[in-house]
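Biologist: Could you take me through this model by way of its pockets, its ligand surroundings and a few individual residues?

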Amino acid sequence: MPSYDFIALGSGPAGQRAAVQAAKLGAKVAVVSAMRLGGVCINTGTIPSKTLREAVIDLSQVRQRSLYNMGVPAGVVTSANLLARTRSVIQIEREVIRSQLERNGIDVFHGTGRFVGPHEISVEGEEKSGILTGRQILICTGTVPFVPPQLSIDHRSVLTSDDILALPELPRRLLVAGAGIVGVEYASMFAALGIPVELCDNRSTFLDMVDSEVRSLFQEQLESAGVHFHLGEKIVRVEPGKKLGHEVIMESGMQLAADVVLVSAGRKGNSAHLQLENAGLSADDRGRVAVNDHFQTSVPHIYAAGDVIGPPQLASTSAEQGRLAACHALGLPGENVPALFPFGIYAIPEISWVGKTEEELRAADIPYEAGLARYKEIARGNILGDLYGLLKILVHRQTQEILGVWICGTQASELVHIGQAVMGLGGKLDYFVRTVFNYPTLAECYKVAALNGMNKLRLRAKT
Ligand SMILES: Cc1cc2nc3c(=O)[nH]c(=O)nc-3n(C[C@H](O)[C@H](O)[C@H](O)COP(=O)(O)OP(=O)(O)OC[C@H]3O[C@@H](n4cnc5c(N)ncnc54)[C@H](O)[C@@H]3O)c2cc1C
């Protein structure tokens, strides 16, 4: 029965970062990994979807099409071409993790772990099975797709994002059930390939966490790319179709045809098989494990981090939660993930933000002004052919503190870090007014938005 100071159950960002941190602090560490190394992040979620997006942008030449008045290039946009790049990136990323764990002397057990006691983990693997004991244990088993009961997944033409890499060929018409982040990302990618996409959600709004001005701009661009929104429409069943593979029937009576249905209805904590009760723990009805500010569960030597503890469910925050959990478990002073971190929606176009929405500021009665820069006013935006992009800075009317940065357009998820850094360091709007940026760059949007915001603040002060 091998015994360890620290065992991570799962090798996604939380498990991987926790394991390395624990090893750096001198602990004897094991990682139990049910999937191939890297978890959902590397194998089925973040990395496949982001690589696929990059491949779609390259092969469909979506950025160049309007500049050179051309259509989707024939011949090269095939499922095989798109997926080949994705598979190769996944393989490289897995290898990076494998070598990192190996360099740090971490033992990896390929198999599914479950609790047989508060310190004992039974591992059932293809090669080896047995029981490991751990002084400290981290549950970082991530999530699995939530599938509404009226839909049944066949993993070929009614599938979840977990099956996207197995798609044998591109659909002629795609229906995406669920307009959350994953749903809109895939909807926009397939639309960029020239494939008509039906995007359905039973809620009457979508991406409610996004600032409404940015969301409207985003929706307009998706619609012009060929995404048809059906909000407030609940799918009741999927039947065999006459022309295309499936006929999707809504509660309202509406019927939509598609040959592939991508079910993207959210995710639930992957804890059902862990036999938490053997460790004196339980999960909530969404499979999530509750933790305190130090990522400790109600059993103090058992920690949980990453998507299995609930929002924000990002790879970035999961990795940091894992690292902080390991620090606390090994006796370093407790910290939490900083409150200010960015979000990215890697659709085409990209959305990224840090801080508050206008709606949140209004609800909290915080006086603010919005400074805007449109990419079409920025030389780099014109050069790139992104005429719809927008960067918006929300600033406190009295203190000039930056309350939020919102970006929709090319490079949004990179550009947002400029705003995050300035906000994190307590910089105010005048920082951007005084700063000189490289020209021509999209970063220049910060200066233009700040000047716009400053002018509005002056005008307001005069009235
Ligand atoms: C399609 C998609 C796109 C995404 N895009 C982004 C993005 O662009 N940016 C971003 O920040 N986030 C993104 N995410 C979210 C991101 O993938 C997660 O936040 C992140 O992977 C969570 O990391 P984790 O360590 O909690 O666990 P995961 O990455 O979920 O990994 C958990 C691992 O634990 C394994 N496991 C489960 N049970 C056991 C067990 N009993 N024993 C051993 N191993 C077990 C699982 O098989 C899995 O491999 C995306 C998610 C999806 C689904």
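Modeller: Q411 is partly exposed, with a relative accessible area of 40%, where buried means under 20%, exposed over 50% and partly exposed in between (1.4 Å probe, protein chains only). This is a predicted model, in which local features need pLDDT of at least 70 and side-chain atom pairs count only at pLDDT 80 or more, while totals for chains, interfaces and linings use all residues. Residues are numbered from 1 along each chain as its sequence is written, and side-chain values use heavy atoms, with hydrogens and water left out.

Biologist: In which loop does Q411 lie?

Modeller: Phi of Q411 is near 65°, a positive value in a residue other than glycine. With helices (H or I, at least four residues) and strands (E, at least two) taken as DSSP runs numbered from the N terminus, Q411 lies in the loop between β22 (402–408) and α11 (412–424).

Biologist: Is F295 buried or exposed?

Modeller: F295 has a positive phi, near 70°, and is a residue other than glycine. F295 sits in the loop between β16 (267–269) and β17 (302–304). Because its relative accessible area is 4%, F295 is buried.

Biologist: Which residues lie nearest the centre of the second largest pocket?

Modeller: A pocket is defined on a 1 Å grid over the protein atoms alone, as an open set of points with protein on both sides within 12 Å along at least five of seven lines, and lining residues have an atom within 4 Å of a point. The second largest pocket has a volume of about 660 Å³, a volume being the space filled by probe spheres set on the points, which are joined across faces, edges and corners. Its lining numbers 24 residues, and those nearest the centre are V62, R63, Q221, I348 and Y388.

Biologist: Which element gives the largest share of the lining of the second largest pocket?

Modeller: By class, this lining has 12 nonpolar, seven polar and five charged residues, where Ala, Val, Leu, Ile, Met, Phe, Trp, Tyr, Cys and Pro count as nonpolar, Asp, Glu, Lys and Arg as charged, and the others, Gly among them, as polar. The largest share of the lining of the second largest pocket, five residues, comes from α4.

Biologist: What is the omega of the peptide bond from I348 to P349?

Modeller: I348 is one of the residues nearest the centre of the second largest pocket, and P349 belongs to the loop between β18 (343–345) and β19 (351–355). The bond from I348 to P349 is cis, with omega near 10°.

Biologist: Which element supplies the largest share of the lining of the largest cavity?

Modeller: A cavity is a set of grid points where a 1.4 Å probe fits but cannot get out, and the structure holds one cavity of 30 Å³ or more. The largest cavity has a volume of about 80 Å³, and its lining has 10 nonpolar, one polar and no charged residues. Its lining includes L52, S79 and F190, and the largest share, three residues, comes from α5.

Biologist: How far apart are the C-alpha atoms of P48 and D162?

Modeller: P48 lies in helix α3 and is buried, with a relative accessible area of 1%. Beyond its neighbours within four places in sequence, P48 is in contact (heavy atoms within 4.5 Å) with C41, I42, N43, T86, I90 and L165. P48 and D162 are 114 residues apart along the chain, and their C-alpha atoms are separated by 9.5 Å.

Biologist: How far from a nitrogen atom of the ligand is a backbone N or O atom of A34?

Modeller: The ligand is surrounded by 36 residues, the closest being T46, K50, G113, D307 and A315, where a residue counts if one of its heavy atoms lies within 4 Å. A polar backbone atom of C41 is 3.2 Å from an oxygen atom of the ligand, and a polar backbone atom of L314 is 3.3 Å from an oxygen atom of the ligand. For A34, the distance from a backbone N or O atom to a ligand nitrogen atom is 3.0 Å.

Biologist: With which side chain does E198 make a polar contact of 2.7 Å?

Modeller: E198 is placed in strand β10 (residues 197–201) and counts as buried at 5% relative accessibility. A polar contact is a pair of N or O atoms within 3.5 Å; within protein, one must be able to donate a hydrogen and the other to accept it, and residues adjacent in sequence count only if both atoms are side-chain atoms. The side chains of E198 and H228 are joined by such a contact of 3.5 Å, and the contact of 2.7 Å is with the side chain of H230.
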